[in-house]
Structures are given as C-alpha cells and as structure tokens.
There are 2 protein chains.
Amino acid sequence: MAKKVGIRTIELTTPPSFTAWASVVGKKEGEGPLAQHFDVINNDTTFGESTWEKTESRMQKDAVNKTLEKAVMANTQIDYLFAGDLLNQCIASSFGLREFDIPVLGLYGACATFTEGLGLASVMIDSGAGNNCVVVTSSHFASAERQFRLPLEYGGQRTPTSQWTVTGSGACVLSKEGQGPFIKQICFGTIEDLGIKDANNMGAAMAPAACSTLMHFFEDTQTTPEDYDLILTGDLGQVGSSLLYELLEKENIDIKAKHSDCGLLIFDLEKQDVHAGASGAGCCSSVFCSYILKRLKDGNINNMLFMATGALLSTTSTQQGESIPGVAHLIHISNTK
Amino acid sequence: MAKKVGIRTIELTTPPSFTAWASVVGKKEGEGPLAQHFDVINNDTTFGESTWEKTESRMQKDAVNKTLEKAVMANTQIDYLFAGDLLNQCIASSFGLREFDIPVLGLYGACATFTEGLGLASVMIDSGAGNNCVVVTSSHFASAERQFRLPLEYGGQRTPTSQWTVTGSGACVLSKEGQGPFIKQICFGTIEDLGIKDANNMGAAMAPAACSTLMHFFEDTQTTPEDYDLILTGDLGQVGSSLLYELLEKENIDIKAKHSDCGLLIFDLEKQDVHAGASGAGCCSSVFCSYILKRLKDGNINNMLFMATGALLSTTSTQQGESIPGVAHLIHISNTK
C-alpha cells in the first residue's frame, strides 16, 4: 500500500527494487566522460537502420533486451512496460517495443517521462498489480533536430543556451523483491509556465517546474538538501541549473553542494561543443541506468533524489507564439528500505 | 491492494467509483444521436480560440472544470490528472491543464489513452496514493486533419474506410469513496501489428489489438460475453468492428449481441456522412462521459467492459512505409463492488 505524505508526496510501503539496468548510446556519448559506464556504444549513429526514427526504436529495443538479459528474466516475467519518447505520437516506443508481447503503458512527459514512468511503475508494483516492470525512454539527436528544429543538412548555427539531444536509451527493471536500490517516495509535479518562449532555451522553461516539485517534496517530507547524498536533475543544463539555484535561493534553499544534472554529466561541455549541456528523454535515462545506478549499487551514493524535467512544447505551439510549460517528476531512491 | 487474476488482468480490492463526469463537444457531434447527453455543445467549432490546437486545449480545460463543478470538488481535492491527446507532444493536454495546479501524468496511447488513464488512475487510488483522480482526453477534427492528413482547405476526398475525428473531450472524477459505478478489473494490452499500412483504415489496424486484449481478459477471468450487459469499444468503426468479430469468431467467441462502439454511436453514419464511423481520443471519452455513464447510473447497464483502441502511427512512420501497430486497454465496470 502507498500513502500520501504531506500534500503531494507518495510513500511506498513495499519500495520496489532496481533489479537490472542497461544503457545504449551513440558515438558522441561514447566519446564523453561516462563512456566506460554504458553497456552499448554504437559508433554508427544509424545503428544500421535506414532512418533516424527507426534507429531510436532500435535503441529502445536493444536497451530493454539488454536489461532483461542482465536481469536474467524472460519477457513473460515482466508485467508492464512503461515507455515514452519525444517523437510525434511516441513512435520510438510503439515501434521499438511491439515485439515484446508485454502490455505497454505509453507515457508523454517530454524529458520528464523517465521519472514519470519510474513513479507509475513503482505504484503499480507496490499496489500488488505486478511484480516486475520495465521503464524505458529514448531520444536521438538527429530525429529530434529534424522534428523540432531544422534538418541537419541546413547547418543552422546553435544558440549559446541550446542543448544537445542525447542519442541514447536507458531501461531498467523494477521488482517487488530485490536487494535495492529502492524507490521509497514519489512526487509528481504540476505543469508550470512562467512565460518563457525561446524554444532554444529549454533549461529556463523547465527550471520553474523543477523548483515547484522540489519545494513540495521538501515541505511534504520535512527534509532539506543536507539529508541527501545527491539531488540529480534530468537535463536542466547550465542555464536551467543556474535558474533553479536562483529560484530556490528565494525560498532560502541551497542545493548547489548536492546538485548534479545528467545534462551536464554526459558530455564534456567544452571539448564536445554542446553549448548549455545535453537534453532529451534519453539523456537522464541513459545516465541513470549506467553511471548513477552503479554508484548507488557500489554505495558511493546511498540516498538521493532524482528529478527529470520536461519542456512540454511542440513546433506547433511555438509557431503559434505560445510559451513553454514545464513539468518535473521526482523520485526518492535509497539503498535501505 | 490489487492482485493479478490469470496472466494479465488486475483485480482491485477497493474499486474506485465514478463520482462525476462531463463532456464538451463541437457542432457536428451536437447534431448527432447523442446530442441530449452532452454537457456542452459549442456551435462555433473554434470555441472562440484563434487556432484549432488552442480550441482542443480549451475543450480539455472546460471538460475538467465542468466535471469538478458536477463533483462539487475544488482543484485541491484532486490528487492527479491523467491526460492525453493525439497532437504532437500532447499539447492539447499540456496547455489545457497548466492552470489547474494539480500534478499531471501525461499519457500517450493514441485513441486508447482514455482507458489507459482510467486503469492507471484506478491502480493509483486502490494503492492508497490518492483519493481522487481526474482522467481526460480530447481530439479535434480540424487539428487532427491538418496534422495527420491534409489541410481542410485542400478538400481531399475521404476513402470509404476513413473515420471522422470527433471534436470533443470527456473527463471524469474517479474516487476512493462513492456509490459507483465502480472499476473492478483492468487489462492493459500489448502492441499488436498485423501489417496494415493504410493510414485511412485505422479500424483494421486496431482490431487485432482489441481481439488480443479481449481474449486475454476472458481467459484470465473465465468469463464470456454473456456475463456482460455491454462490451463497448472505443472507435473501431464499421470496418474495425467487423474485423474484430471475424478475429474472435476464429476463437469461437461471439460478441455481436453485446457489442457497441463509441465510433458508431456518436454520429448518424448515413445522415452525417462520416464514412466508417468516428474516431479520435475524444470520441470514446465524450461518449463514455455522457451517454454511457448515464446508462450505468440509471441501471440500464450494470456490468460492462470498456475497451478503447489506439492506432500508434505518426505521419513520419507512415511516410517511411511502416505498418500501423495497435493497442487496446480494457476496464471492467460494474454497479456493484
């Protein structure tokens, strides 16, 4: 059984455990600082597929297969797949997962989809409705660029606040039984919109949602940043992280000493020329399902918050002059139940 | 607590109750056979908004507000909003729901999104993680046509198998406490793909998924169509319904006497010139959150299955020669706990 703590936070009675995880990334990610932690690095950014969208589906499929292999589990042992991506109508997930014969719950929370999935899968397991769930998300630099911005062939110059969409997918198995790390609490976020209209500045659009969810969680649980080894955000990048610090400062909360952002971990910002950092629904899932889960398992981190953030825009909304709403979903992970 | 029955079906220990519901539709829907059952019929298909996408957001917002009004509930009493639509990056939901200050769980299951949401919201309530959830989906004929097919101004001729996207939104409040009707069981579906490639024949693409989910549910629960007053599908239309009968016949199951399809209920197929029926993520939600829930409440229906079906395509996947995967999620609703 789950229960509410404070206004928004869910506390799980039987916290599900991370049983296995896998990450599949492209060439550029394989040249970055986390290279040694990924399961699969493909130096051909197409993965041998004929289109970028098919490549993205392929990465999800490979990530799920690799996770199942590492969990030593058959498809039939998985109750539900929670999946999502950034492509129109989430085709990376639908096409990538159609062969698994596992019920699929499609999600859309932009780059916050991964923690949305972890949260929903945890409630599902805690409720007794399933024993094992897989959560997977993906993104691909080339499929995102041509869908959201410009064709790569156009060679458009990137603005300093822009972020580089990760070519990657991360997947994990969450189980009722296990040795941890465990998902203990969840705080799903509201949609926040402070009127940012620059589609090349996602960090700024997402920071208010990150601030809102984090504030709610601290208030509900009566904890402070000092209670955690790490506060990990999804892909705020440099601009979004600074803005988050600024927004939290107004509330007298300082997370700087504890904060890290997947969008700042996966690339070497200077050497790899990615401007304000990385982004994409596959950014935080590939970083979390490699480097972070390893550090948790090794005991280098024991108690952390993981909050992915999403910018809920489309090219249509931007072209119609709309601002960019953001959303952030948080999970609390610990090595002890 | 929830438990698994058979292989895929979830049985809820404390079935959530439908507390209130509302439907908001456009002019054409208001001229159809269900006109008297809708809460709001807007004869200006723009609802006074400047774009079709903004109109769709507006419909979701109006449907949620109307539902809350009928439930006599404030925003603060709702724990989570489960929402989705067919627009790229689900902007109808993100923009329509940004003002409610309620955590939003974005979903994408194409036209199966509504029952996906009802199922997830039920598990959430049953688990103890919340007392009240709102589920809402929408679609708009004009936003769908220009996104998925052709600009309306082009005046393209519709094929006989094509379906007319409903301009509408349906929303409901599911609660821990209530007098019913209750959601007792849930069967989430796998992605099925028999290779249909005609994007103007969604019914055919969705029928295999409908068959698979229904078969699994009957097997898990050891029930037959005779055990239910109604087996309601989302928007299979004429072509999809016939194909579903055909697929089920091979398994010696005959649902004809019990079956009805929201896509065949909302319009008068002959008089309103909608070819194979209606479709869209707002089709089954607006029909269910009006006519069907009224019939349940009045006791004209006491025990039913509601299975929405989704065609998981995008214009990109179609242009790349891909087939159309389908998915179907089923919920079992009864007037007795």
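**Second pocket, then the rest**

I started with the second largest pocket: 19 residues line it, and N88(A), Q147(A), N88(B), T315(B) and T316(B) lie nearest its centre. For the record, a pocket here is an open set of points on a 1 Å grid over the protein atoms alone, where a 1.4 Å probe fits, with protein on both sides within 12 Å along at least five of seven lines, and lining residues have an atom within 4 Å of a point. This is a predicted model, where local features need pLDDT of at least 70 and side-chain atom pairs pLDDT 80 or more, while totals for chains, interfaces and linings use all residues. Residues are numbered from 1 along each chain, chains are lettered from A in the order written, and side-chain values use heavy atoms, without hydrogens and water.

α5(A) gives the largest share of its lining, 3 residues.

**Largest pocket**

I got about 420 Å³ for this one. Its lining has 21 residues, with E145(A), R149(A), L150(A), Q157(A) and N200(A) nearest the centre.

**Interface**

I found 56 residues of chain A in contact (heavy atoms within 4.5 Å) with 57 of chain B.

How many salt bridges are there between chain A and chain B? I count 8 (a side-chain nitrogen of Lys or Arg within 4 Å of a carboxyl oxygen of Asp or Glu). I also looked up D193(A), which forms a salt bridge with R98(B), with the closest N and O atoms 2.5 Å apart.

Conventions
Points joined across faces, edges and corners; volume = space filled by probe spheres on them. Helix = DSSP H or I, 4+ residues; strand = E, 2+ residues; numbered from the N terminus.
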